[in-house]
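Welcome! Here is a short tour for anyone meeting this structure for the first time.

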Amino acid sequence: MSALPAPSATRPGPAGPASAGSAARAGSGARVEFRSLRRAFGPTVALDGLDLTAEPGELLALLGPSGCGKTTALRVLAGFEQPDSGEVLVDGEDITRIPANRRDAGMVFQSYSLFPHLNARDNVAFGLRVRKRPAAERHATAAELLDLVGLPDHGARFPHQMSGGQQQRVALARALALRPRVLLLDEPLSALDAKVRLSLREEIRRLQLSLGITTIFVTHDQEEALSMADRVAVLNAGRLEQCAPPAELYERPATAFVAEFVGTMNRLPGRLTGTGSVEVAGAVLPVDGEAPAGRGSVDVLLRPEGVRAEADPEGTATVVSASFLGSVTRVLLDLPDGTAVKADLASRDAAALLPGVRARVAPGPRPVLVVPTTPASPVPAPRAQARAGAVDA
Amino acid sequence: MAALTPLSTPPASPDAVPAPAGAARRRPRYWRGAVLTVAGLYFLTPLVSSFVFTVHVPGQGLTFAAYSGILSAEGFTESLFLSLSLAAATIALALLLVVPALIAVRLGPPRLRAVVEIVCMLPLVVPPIALVTGIATVLRWGPDHFSRTPLYQTFLAVQNESFPVVLVLAYTVLALPFVHRSLDAGLRAVDVPTLVEAARNCGAGRLYVILRVILPNLRSSLAGASFLTLALVLGEYTVASLLGFRPFAVWIVSVSGAEARMSVAVSLLSLLITWALLLVLSRAGTGPSTAVPGAGPSAAGPTGSAASLGSAGSAGSAGSAGSAVSPSAPDPAAAPIPVPGKE
């Protein structure tokens with residue numbers, strides 16, 4: 001008997017970024033739906049009417065700052081928390097009131113959570129033992145899964161004899177042993193060092209793609225989320241801000257929170273002109289979409305790579321610092337009104353931008369977001385597109 | 001440099017700083033030896049003196065009559081068996097009470113931990129004499145008050161001389177602090193909530209989780225709690241004597257008047273028996289699969305208090321319990337080779 005779910009025929013083979021759409025993998029894995037989930041711990045509302053769907057076979061990342069409710073959502077799905085209201089559906093079946101030990105979900109915890117008194121093989125086979133499967137099947141499954149996670153020779157080792165990365169691989173194998181319909185990953189990489197984290201996240205993605213299992217991955221690390229997930233759901237204060245593929249999330253953030261949480265963003269003061277455009281840093285940019293009503297002060301969000309800067313003795317901006325990041329150099333400049341703006345420039349173009357140098361700054365043709373001046377406002381705002389034409393800052 | 005790199009190679013230059021680290025290493029070793037010698041003399045002198053007293057009779061020379069007569073001494077076997085039975089029952093009852101309570105408070109609201117800890121520690125501040133006075137009053141008052149109810153028979157049953165359940169109840173109260181401390185130390189070393197969730201996620205029910213996940217990781221603590229309780233019960237004199245029962249400690253005292261040498265011989269043997277039992281229990285609790293670092297019962301700490309609770313030889317017993325309980329740090333080299341097919 002094969003220990004593992006049959007690989008999906010529609011699954012792209014090699015591991016890689018989430019370029020393949022979820023639809024391509026429809027038909028494998030389970031569909032998971034959160035419907036109007038609400039969960040409060042005393043006065044603290046962890047989930048505030050969360051509506052979210054994970055498509056079959058996709059890797060959905062729940063991303064957000066600490067306390068945004070992403071772990072609570074995962075624990076509700078695992079059955080460790082009961083929602084105050086709302087429901088959780090897996091393939092249309094309401095599992096909200098089903099006990100945790102009867103849910104078909106494998107979970108990997110942040111702290112490994114291997115059973116200290118069992119060796120790796122027995123840890124992997126634990127669930128099968130609970131279900132009273134024959135010893136031969138248990139050992140065959142454990143051996144197959146340990147081989148799958150790259151630890152074929154570690155079956156006899158106890159948790160304290162393994163590194164963090166190895167323990168997390170064993171935990172992953174244990175979560176897969178019962179062939180769950182859903183795989184839940186609760187910040188599984190956050191306790192690991194950077195190098196192990198990188199290799200393990202590629203391995204998790206490879207496994208998820210090859211098994212075609214619907215996976216929900218909680219993380220506060222946006223790089224992890226963007227590099228691994230088919231779609232990323234950004235949560236804030238228990239509510240869903242946006243759920244979209246990584247590129248869309250980055251290029252077309254729906255809210256100011258998403259725009260500023262994902263990647264690096266400049267927030268510059270601007271002014272609506274009333275003609276569907278906004279004036280910022282001396283440039284006039286057309287607003288792409290529904291413009292905020294009327295005139296007045298707004299904040300304009302621009303990515304650093306959408307800002308151009310060049311050394312110019314006539315310029316009014318001043319270089320504060322320049323951080324070499326390899327092919328790109330991030331330059332921090334002060335505008336005349338005291339606003340700081342970051343610009344990501346090709347390193348060869350930034351050689352002259354040393355601290356103290358005068359420079360010209362211009363928004364480039366990159367998507368921006370126009371939001372009310374209240375920084376924390378979650379109100380979606382229309383996007384604006386930078387208009388060609390550099391304007392001296 | 002020598003101080004920074006503690007290698008065995010000597011300083012290359014003769015005028016280099018003469019290895020202060022080496023001197024620092026020798027000094028603790030010297031003091032360690034001195035302390036061990038003094039402590040050894042402190043403990044061994046009474047034992048050796050006692051042994052000499054039991055085997056040397058002025059005018060007769062060397063004789064082992066004090067030892068050879070123990071087994072045939074009246075009441076020895078019965079009192080020893082009674083004490084061991086009481087110890088087994090006390091251990092079972094105390095663990096049955098404390099283990100579920102501590103697991104529950106680990107999984108429940110943290111504020112309950114303080115409540116349980118205070119309740120379990122209360123017996124430390126109640127002298128056994130106060131406890132036994134209260135028990136004796138209730139035992140006297142109960143039969144009169146409940147003479148026409150089924151509780152009358154209960155009051156009589158708990159005072160059955162062949163197995164006085166009232167002593168088990170009293171000893172359980174006295175053992176609560178030690179059992180609590182030992183188990184609490186073990187539970188602190190285990191991430192109970194996460195392990196429970198991991199096991200539940202694998203399909204395990206609550207009872208299965210406790211029996212197959214939590215308890216195996218508490219083996220050291222369970223063993224520690226067990227032999228602290230064993231030592232306490234074997235050496236406990238006050239409660240048993242004042243309630244009119246005759247377990248081992250009371251028998252030793254009672255026989256000392258007529259047979260001084262035999263009394264001391266029995267005390268020495270009781271120490272050996274206690275040590276042997278503790279050794280067996282400690283080995284049972286430190287198996288290779290008990291791999292929770294820091295979960296050893298040594299963290300319980302109250303062995304000195306255990307000694308102070310007992311009398312008539314209990315000090316030695318409880319003290320030996322403390323010395324026999326050693327932390328069971330996992331030894332990677334000692335990891336067992338799993339047997340295929342082994343459940």
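The report below looks at chain B as a whole, then at a pair of its helices, and then at a helix of chain A.

## Chain B overall

Please keep in mind that this is a predicted model. Chain B has 15 helices and two strands. Of its 343 residues, 42% count as buried. Among the contacts in chain B with a separation of 6 or more, 79% link residues 24 or more positions apart.

## Two helices that cross

Two packed helices are described by the angle between their axes and the distance between the axes. In chain B, helix α8 (residues 192-201) and helix α9 (residues 206-214) have axes that come within 10 Å and cross at roughly 120°. That angle makes α8(B) oblique to α9(B), and the crossing is right-handed.

Which residues make the contact? From α8(B) come B:V192, B:L195, B:V196, B:A199 and B:R200, while α9(B) brings B:R206, B:V209, B:V213 and B:I214. Sorted by class, this contact has seven nonpolar residues, two charged ones and no polar ones.

## A helix in chain A

Now over to helix α4 of chain A, which covers residues 135-148. Its 14 residues reach 20 Å from the first C-alpha to the last, close to the 20 Å expected at 1.5 Å a residue. After α4(A) comes A:G150, with a positive phi near 80°.

Which residues of α4(A) are buried? They are A:A135, A:E137, A:R138, A:H139, A:T141, A:A142, A:L145 and A:L146. These buried residues pack against α2 (120-124), α3 (126-130) and α5 (164-176) of chain A.

Key. Residues numbered from 1 in each chain as written. Chains lettered and ligands numbered in written order. Predicted model: local features only at pLDDT ≥ 70, side-chain atom pairs only at ≥ 80, totals over all residues. Heavy atoms only, no water. Axes fitted to C-alpha atoms, helices over the stretch in contact; angles between N-to-C directions. Helix = DSSP H or I, 4+ residues; strand = E, 2+ residues; numbered from the N terminus. Parallel < 35°, antiparallel > 145°, perpendicular 65-115°, else oblique. Left-handed = near helix turned anticlockwise from the far one by under 90°. Contact = heavy atoms within 4.5 Å. Nonpolar A, V, L, I, M, F, W, Y, C, P; charged D, E, K, R; others polar. Expected span 1.5 Å × (residues − 1). Buried < 20%, exposed > 50% of the residue type's maximum accessible area, 1.4 Å probe, protein only.
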